[in-house]
Structures are given as structure tokens and as C-alpha cells.
Amino acid sequence: MDNYIFELSEKVSRKSVSYKNRYGIKLAGDLYMSKDIDMNKKHPALVIGAPYGGVKEQGPGVWANELAQRGFVILTFDPSFNGYSDGGKMHISSPDLFTEDFSAGVDFLGTRSFVDREKIGAIGICGSGGFALGAAQVDTRIKAVVTASMYGHD
């Protein structure tokens with residue numbers, strides 16, 4: 001499973017993880033941290049979602065690689081029905097499921113002893129920006145949201 005489009009920084013560790021969303025779908029994720037992280041302290045964390053149709057080995061991993069070097073614990077994931085995540089038929093589109101996938105990431109991060117549960121945010125790249133906003137709208141554990149889109153209007 002080395003389909004990453006970027007070189008992992010020598011300062012960052014990446015660990016494959018999996019967890020289930022509330023619909024019982026097993027999500028494939030990657031957990032990124034600085035190699036010199038103090039596991040006895042609590043750190044801010046981010047869940048990063050891929051562009052619509054994308055996977056964790058692409059844009060989310062690029063962002064995670066950079067942000068882990070700045071002290072964040074980062075979770076990237078393949079949305080339900082995409083990449084290495086389960087869900088039956090692949091490439092099915094479900095905004096409800098994709099929004100839930102962000103909250104499932106918050107669930108996972110909140111169980112890590114080195115994550116500050118009061119400092120968990122979400123980043124949605126391109127199409128997942130809407131899913132990150134939707135998750136933050138109903139999941140009060142998400143304390144900050146960033147969306148990034150490649151298109152703008154003048």
C-alpha cells in the first residue's frame with residue numbers, strides 16, 4: 001500500500017489505522033505525528049478529508065505531512081466506499097455518509113490519550129469542504145474548520 005503521491009518527511013511518522021463510523025463501515029486511515037511528539041502531553045488534532053473522489057494517499061497526506069511537523073496529530077481517511085475503506089459497492093456518493101466519516105474521525109482521535117479532545121478540528125479539501133462544514137454544524141466536538149477549494153469566483 002505505497003500509493004502516496006509525496007515523500008514522507010523524516011520528521012513525521014505515519015501509521016495505518018482503521019475504525020468504524022456509526023453505520024458500521026470500516027474506514028481506512030493514516031495517523032500522522034511528529035516523531036518527537038511527547039506522548040505524555042495532549043496535542044491539538046485535525047481530521048483531513050480528501051477532495052471528492054480522492055483518497056488519503058493524495059492531498060490529505062500532503063497536508064498531514066506538513067501539519068504534523070507543526071505539532072498537530074493528524075488523521076487522514078478514505079471516505080466510505082472509496083480507497084481502502086469498506087462499504088460494498090465502490091465509488092458510491094453519499095453526502096450523509098461522507099459527513100459522518102468526519103465525525104467518526106473525531107471519535108477515533110478522541111480515544112487517543114495524547115490528543116486534546118477540546119482542540120480537534122477538521123479540514124475539508126475541495127469537495128470534502130462541504131462535508132467538513134456539515135460535520136462541524138452538528139458535531140460540537142469539532143472546534144475549528146478549514147476548507148480549501150481550487151476554484152474561486154471574481
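**Close-up views of the predicted model**

**View 1. Trp 63 has its place in helix α1, which covers residues 59–68.** Helices here are DSSP runs of H or I with at least four residues, strands are E runs of at least two, and both are numbered from the N terminus. Trp 63 is partly exposed, as its relative accessible area is 31% (buried means under 20%, exposed over 50%, partly exposed in between, with a 1.4 Å probe and protein chains only). Together with Ile 5, Val 62 and Val 146, Trp 63 makes a nonpolar surface patch of about 330 Å². Such a patch takes residues with over 30% relative accessible area and no salt bridge, joining like charges within 9 Å and nonpolar side chains (Val, Leu, Ile, Met, Phe, Trp, Tyr) within 5 Å; a salt bridge puts a side-chain nitrogen of Lys or Arg within 4 Å of a carboxyl oxygen of Asp or Glu. This is a predicted model, where local features need pLDDT of at least 70 and side-chain atom pairs pLDDT 80 or more, while totals for chains, interfaces and linings use all residues. Residues are numbered from 1 along each chain as its sequence is written, and side-chain values use heavy atoms, leaving out hydrogens and water.

**View 2. Helix α2 takes in residues 95–110.** Of the 16 residues of α2, 13 are buried, so the rest of the structure largely encloses this helix. The end C-alpha atoms of α2 lie 23 Å apart, which agrees with the 22 Å that its 16 residues should span at 1.5 Å a residue (the expected span is 1.5 Å times one less than the number of residues).

**View 3. Arg 117 belongs to strand β5, residues 115–125.** Arg 117 counts as exposed because its relative accessibility is 53%. Leaving aside residues up to four places away in sequence, Arg 117 touches Gly 110 and Arg 141 (contact means heavy atoms within 4.5 Å). Look for Lys 143 as well: 26 residues separate it from Arg 117 in sequence, and their C-alpha atoms are 9.5 Å apart in space.

**View 4. Stepping back, the protein chain has three helices and six strands.** Along the sequence, these elements follow the pattern β-β-β-α-β-α-β-α-β. The C-alpha trace spans about 40 × 40 × 35 Å along its principal axes. Buried residues account for 49% of the 154 residues in the protein chain. Of the contacts with a separation of 6 or more, 64% come from residues 24 or more positions apart.

Terms used: Accessible areas come from the Shrake-Rupley method with a 1.4 Å probe; for residues, only the protein chains shown count as cover.
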